Amino acid sequence: MTARAASGLPAAPQVVEEALAASRATASVVIVEEVSDANVRFANNTTTTNGVRRDRRVAVVSFADSPSGMRAGVAAASAPSDVAGLVAASESAAADSEPAADASPLEPAGSDPAFEAPPETTDLGVFAALLDDLGPAFAAARAEQRVLAGFATHEMRTTYLGSSAGGRLRHVQPTGALELVARTADGSASSWAGIGTPDFAEVSLAALDEELQRRLGWAERRLELGPGRYEVILPPDAVADLMLELDFAASGREAEDGGTVYSAGPGRTRVGERLTKLPFAMWSDPAAAGLECAPFVVAASSSVDTSVFDNGLPIGAVHWMKDGALSRLRYHRAGARRSAVTFQPAADNLLLTLPGAAGSLDELVAHTGRGLLLTCLWYIREVDRSTLLLTGLTRDGVYLVEGGEVVGAVNNFRFNESPLDALGRTIEASRTDRALSREWHEWANRTAMPGLRIAEFNMSSVSPAS
Amino acid sequence: MPGLEEGFAALPFAALRSAALERAAALGCRHADLRIEKIRTQSVVLRDARLEGAVDDVTVGMGVRVVRHGAIGFAGSVEINLDAAAGLVAAAVEAAKVTARAGGEAVELADEPDHGTVAWTAPYRIDPTEVPLGEKIALLGDWSADLLGARGVDHVTASLLGVAEDKYFANLEGTVATQRRVRLQPSLEALAVDEDSSSFETMRTLAPPVGRGYEYLDGEGWDFPAEIAMISELLAEKLRAPSVEPGRYDLVIDPTNLWLTIHESVGHATELDRALGYEAAYAGTSFATIDQLGRLRYGSELMNVTGDRTVPYGLASVGYDDEGVAAQQFDLVSGGVLVGYQLDRRAAALAGITRSNGCAFADSPLNIAVQRMANVSLRPAAGPGPTTAELIESVERGIYVVGDKSWSIDMQRYNFQFSGQRFFFIDHGRIAGQLRDVAYQATTTDFWGALARLGGESTYLLGGACNCGKGQPGQVAPVSHGTPSALFAQIRVLNTRKESGR
């Protein structure tokens with residue numbers, strides 16, 4: 001439905017071949033990412049900004065052998081008209097560089113028969129049903145003294161990876177999310193709901209709106225509570241906020257250097273140590289249903305546990321935690337050799353499951369004598385790396401549960417809590433469902449989490465925000 | 001065109017402008033603007049004095065924003081040619097039409113005059129993105145080796161971010177603005193492990209990111225070798241320091257820490273789009289609602305805060321903003337009272353304010369401009385004013401807080417918690433060693449109400465960040481905050497070990 005000029009850019013596979021052909025380096029890798037996305041924002045019961053974007057990023061990694069070791073250089077640009085110039089820039093970066101600490105032989109990756117296929121695209125048409133429903137939703141909200149705000153985004157990212165070692169890989173990554181916030185017109189209460197999805201076929205604005213109205217209904221009775229340690233029920237979205245922090249911190253090298261929650265003293269990690277009483281499993285799997293992500297390494301730059309030398313290597317399913325014990329940390333190949341452990345690349349999804357947990361979030365509420373049901377967390381930041389103590393706030397709805405039922409809404413809190421400690425103090429988990437981390441979904445959209453009932457969650461102070 | 005990078009300056013701007021804006025006018029757009037940008041970003045990271053990763057990245061693209069059918073439409077692409085320009089206008093008009101269907105308010109933008117054809121260049125000497133990679137690796141490597149060689153330092157990470165931004169902007173009013181600016185963010189962090197207790201501490205350099213060229217690393221605006229030479233000893237002292245007793249303390253807050261508290265508790269709270277509810281789904285709203293303008297007691301009478309997009313070396317300094325509004329200085333808090341907001345043209349029109357004060361910014365040609373932060377700064381004491389040492393001398397029992405670390409604030413900018421790089425116990429006006437595990441927590445108006453004394457001009461520093469986040473899709477903006485040292489009475493201090501239940 002959106003008018004779009006026909007692209008005058010050369011096809012991505014052609015750019016890959018042209019760059020590889022232009023290379024004079026010992027070896028090279030070319031990554032082309034074609035991004036098509038559309039988004040719509042709304043607030044105060046009206047649409048606000050939007051965007052339809054077309055991006056192409058080309059990264060060339062050149063590897064240059066030298067007597068002192070292999071050097072790597074990266075040059076990246078959006079839609080470069082001069083591909084040979086970009087290749088030359090990466091070669092000069094390699095020459096200007098020093099021997100790479102993460103050097104490993106470039107492995108031949110497989111060849112995807114779909115490599116030549118054009119990129120997938122999206123546009124505002126994906127939101128047709130949503131936009132049809134928004135007008136009536138705004139009208140109803142106005143009539144009922146509610147104010148809606150939110151965001152819908154959909155992106156199709158097609159990655160082409162070619163290497164001088166022979167690999168030709170392609171991956172199509174759809175990423176989408178819808179977030180909705182409802183506030184009472186007087187600003188005294190608010191609630192949030194979000195959903196992550198590869199497409200908008202199953203997304204229902206009405207269903208999210210209905211859940212928000214139920215929660216605003218709970219807020220008709222308001223209570224004030226002070227700081228303290230409370231039993232809390234975290235919905236899957238809030239659990240995703242916390243578990244992603246455990247994932248972000250899971251660098252093997254940083255744990256060995258000392259200073260992370262996974263460190264066991266200089267040069268040692270806590271791999272093998274039982275971390276939680278309940279037998280949680282935390283895992284990633286590029287083939288996880290509904291959360292599919294790239295099954296091979298795409299690295300346009302090296303970092304502490306990601307290496308440009310590992311481009312194209314397969315990513316399989318991995319358990320980071322199993323039976324409540326830490327089982328794996330992230331390493332690139334060179335790091336894994338250095339530490340005599342298994343090469344473990346990151347994957348772009350994260351799941352947490354408790355074997356046998358099959359109940360719903362409502363059942364966690366029903367089992368709670370007195371506790372707080374949260375909606376989502378916000379502004380989460382690391383306070384102490386060694387314990388992974390995080391601070392942050394509850395946002396858009398905290399509800400008091402008494403005798404298994406929600407009895408009203410309470411004020412917001414600032415928490416100071418380590419997600420690992422919180423997992424250790426978990427009393428009960430629900431089944432695992434698709435979850436959307438409000439804080440991190442722009443970087444980590446694909447998560448599935450249980451709801452958790454946690455004892456003695458540290459609410460450090462009250463926030464007057466509503 | 002003076003200042004612009006050569007390859008960028010060679011783009012056919014006049015033809016692209018005609019292709020986009022004439023098309024937009026023909027399609028009945030009430031407003032339209034075209035933004036073409038080239039953003040070169042270089043980053044280098046070293047771990048233990050060895051190169052970990054380096055990237056040289058260039059984004060070139062263009063974006064078109066229109067107001068049509070009473071709604072905003074935006075489209076952006078990395079493809080730059082006349083057909084693409086016309087295509088973006090059509091896509092933006094279509095986006096406006098589609099979203100207008102949902103109904104709601106008709107979009108108005110506050111008027112801004114035609115500034116004609118203008119050019120602006122930030123004050124810098126050496127474009128950091130033109131310095132060879134090898135030179136950067138060597139410099140960071142030397143500094144890392146110095147730090148790593150010092151007693152008690154076990155690991156060192158070093159990073160350098162350099163950015164050069166070239167921009168062409170044209171709107172239907174007639175303004176054609178070209179601009180160039182640069183920024184630089186250097187950082188080194190040392191980690192020390194105490195083998196006996198298996199505990200560890202880190203300490204990072206305090207050097208702020210700045211809108212300066214590579215000369216910043218060569219002594220203009222900061223003395224890096226001197227700072228690096230201090231770190232090992234300070235870190236060793238911190239590792240042995242006692243854990244803080246939680247409670248209320250008088251805090252002398254150094255500019256290297258206070259800039260971030262200003263950013264979070266004043267900068268974001270005085271963004272009018274937030275105060276009006278337009279960020280309710282993401283960044284949040286503000287306690288400083290517009291009905292309280294001119295009345296809200298934000299802090300003590302000592303508190304004077306300005307927004308400024310003109311200050312030299314400021315990360316948010318420009319000649320013209322991304323809606324063609326000329327850069328300005330304006331008051332936000334005067335004598336402790338809320339007197340103004342940061343505006344873009346839409347928010348200004350919504351509030352019945354005649355002109356925007358120029359706070360629109362987009363972090364990429366592919367993103368729509370939204371209201372972003374000006375350099376929001378706290379004015380120092382008049383006259384020579386006290387030094388930081390004099391502020392410390394006036395405190396009986398307190399903590400001197402240096403450097404920023406962890407930060408968090410709620411969705412209406414009331415409740416915040418900050419930690420830092422170093423905390424010195426003040427005992428009867430004297431520094432009595434460092435403390436560990438400190439964080440301070442307060443409500444914005446209580447905190448600023450407790451502002452008891454300002455440092456003078458000699459304590460003033462322009463701090464800042466390159467990673468301020470706002471908007472959906474998320475955008476990051478660079479912004480500076482000038483502040484003196486300042487004394488805050490009886491602020492709640494937490495012990496972060498105890499907070500974790502240990």
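Which residues is B:Ala20 in contact with, leaving aside its neighbours within four places in sequence? I noted that this is a predicted model before looking.

**Entry 1: B:Ala20 and the core**

I looked up B:Ala20 and set aside its neighbours within four places in sequence. Its contacts are then B:Leu34, B:Val64, B:Ala85, B:Ala86, B:Leu88 and B:Val89. I next looked for B:Ala20 in the largest nonpolar core, which has 313 residues. B:Ala20 is one of the members that touch the most other members, together with A:Val74, B:Val89, B:Ala92 and B:Ile399.

**Entry 2: chain A as a whole**

I turned to chain A and found 9 helices and 18 strands. Along the principal axes, the C-alpha atoms of chain A fill a box of roughly 70 × 60 × 35 Å. I also looked up burial, and 59% of the 466 residues in chain A are buried. Among contacts in chain A with a separation of 6 or more, 74% join residues 24 or more positions apart.

**Entry 3: two helices of chain A**

I looked up helix H3 (residues 128-143) and helix H4 (residues 205-218) of chain A. Their axes come within 10 Å and cross at roughly 35°. From H3(A), the contact uses A:Leu130, A:Asp133, A:Leu134 and A:Ala137. From H4(A), A:Leu205, A:Ala206 and A:Asp209 take part. By class, I have 5 nonpolar, no polar and 2 charged residues in this contact.

**Entry 4: where chain A touches chain B**

How many residues of chain A are in contact with chain B? I found 84 residues of chain A in contact with 83 residues of chain B. Strand E2 of chain A, residues 46-64, gives the most to the side of chain A that touches chain B, with 11 residues. I sorted that side by class and have 32 nonpolar, 34 polar and 18 charged residues.

I then followed E2(A) across to chain B. Strand E3 of chain B, residues 71-77, is joined to E2(A) by 3 bridges, and the two strands run parallel. For A:Val52, I looked up the bridge partner in E3(B), and that partner is B:Ala75.

Key
Residues are numbered from 1 along each chain as its sequence is written. Chains are lettered from A and ligands numbered from 1 in the order in which they are written. This is a predicted model: local features need pLDDT of at least 70, side-chain atom pairs count only at pLDDT 80 or more; totals for chains, interfaces and linings use all residues. Two residues are in contact if their C-beta atoms, placed from the backbone, lie within 7 Å. Helices (H or I, at least four residues) and strands (E, at least two) are DSSP runs, numbered from the N terminus. Ala, Val, Leu, Ile, Met, Phe, Trp, Tyr, Cys and Pro count as nonpolar, Asp, Glu, Lys and Arg as charged, and the others, Gly among them, as polar. Two strands pair if DSSP finds at least two bridges between them. A residue is buried if 20 or more other C-beta atoms lie within 10 Å of its own, exposed if 12 or fewer, and partly exposed in between; C-beta atoms are placed from the backbone. Axes are lines fitted to C-alpha atoms, for helices over the stretch in contact, and angles run from 0 to 180 degrees between N-to-C directions. A nonpolar core is a set of buried Ala, Val, Leu, Ile, Met, Phe, Trp, Tyr and Cys residues joined through C-beta atoms within 7 Å.
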